[in-house]
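Here are my notes on the packing, written for you to read alongside the coordinates. Please have the viewer open as you go.

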Amino acid sequence: MGVHGVKAVFFDLDNTLVDTAAAGRRAIEEVLPVDPSLLKVVNTLQSKHHYAEGQARVICDKVQAKLLKECHDPAKMCITDLRISHWEEAIQETIGGEANRNLAAECYFLWKTTRLQHLTLAEDTRGMLTELRKGLRLLLLTNGDKQTQREKIEACACQPYFDAIVVGGEQKEEKPAPSIFHYCCDLLGVQPAECVMVGDSLDTDIQGGLNAGLKATVWLNKGMTTPVDTSPVPHYIISSVLDLPAVLQKMGHKMNAKLGTDHMADSNE
């Protein structure tokens, strides 16, 4: 499925190709009925460590809040230590007393394992990627800690659908820096003006694609909400990643129309 002027498509991972947010909620709900990854943690806290259900739920809620506000500097602390600390703090804030690092680690690894189990690349998304790859080069470009992102990639088994995978935590700069996009172009042997970026983040995916001079940016806006800020402005907006082939087709039609107009202008001259 070739498209005029487009040779490659870069895809974001989290909440674009895979629903990481939902997997995390389900993981915290197998600690809590609100978040499946946490439901198991809640059950463990109740049955094994004799916490009241209300206490277990408060702990999980606090961890969720800490994850949402998380700022990770790999030069200062590995992601595992940071996230065990989230659990340690949440337990201490809820129960009081001395910090319990061992219990925090147990909860963290239970949550992490459950989240990875819920992280899947949907069958229809696999089919779309397979079709796109018949005419285009595909690259997965994700920000984040290298260990965490590589574990997600392995868990959802998406490697066979891409010509290359680039993790921001393994590079000097992450999205939206132009350098990581240009690195991706070099990997695939294409020019920025021949590439399209698809992602759910205006700040990293869309701004990064614009910074790097890519041919087009496609914003995945699942709720089709209107952003508070008017910038950056993506070239296209979709509500499902499965809408991408139609966007690429539209781009092809626009290119053909432009070529036709240029050809007529040349003839008139």
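This is a predicted model: local features need pLDDT of at least 70, side-chain atom pairs count only at pLDDT 80 or more; totals for chains, interfaces and linings use all residues.

1. Start with the largest nonpolar core, which has 34 residues. Within that core, the members touching the most others are Val9, Phe11, Leu129, Leu140, Phe162, Val196 and Leu244. Helix 10, spanning residues 244-268, makes the largest contribution to this core, with 4 residues.

2. Setting aside neighbours within four places in sequence, Leu129 contacts Phe11, Leu17, Leu121, Leu138, Tyr161 and Phe162. Two of these partners, Phe11 and Phe162, are also listed among the core members that touch the most others.

3. Now the empty space. A probe the size of a water molecule, rolled over the atoms, shows where such space is left. Counting cavities of 30 Å³ or more gives 1, and the largest cavity has a volume of about 40 Å³.

4. What lines the largest cavity? The residues are Arg83, Tyr108, Lys112, Arg115, Leu116, Thr148 and Glu151. By type, that lining splits into 4 charged, 2 nonpolar and 1 polar.

5. Which helix gives the most to the lining of the largest cavity? That is helix 5, with 4 residues. Helix 5 (101-118) and helix 7 (146-156) each supply at least two residues of this lining.

Key. Residues are numbered from 1 along each chain as its sequence is written. Side-chain values use heavy atoms; hydrogens and water are left out. A nonpolar core is a set of buried Ala, Val, Leu, Ile, Met, Phe, Trp, Tyr and Cys residues joined through side-chain atoms within 4.5 Å. Buried means under 20% relative accessible area, exposed over 50%, partly exposed in between (1.4 Å probe, protein chains only). Contact means heavy atoms within 4.5 Å. On a 1 Å grid over the protein atoms alone, a cavity is a set of points where a 1.4 Å probe fits but cannot get out, and a pocket is an open set with protein on both sides within 12 Å along at least five of seven lines; lining residues have an atom within 4 Å of a point. Grid points are joined across faces, edges and corners, and a volume is the space filled by probe spheres set on the points. Ala, Val, Leu, Ile, Met, Phe, Trp, Tyr, Cys and Pro count as nonpolar, Asp, Glu, Lys and Arg as charged, and the others, Gly among them, as polar.
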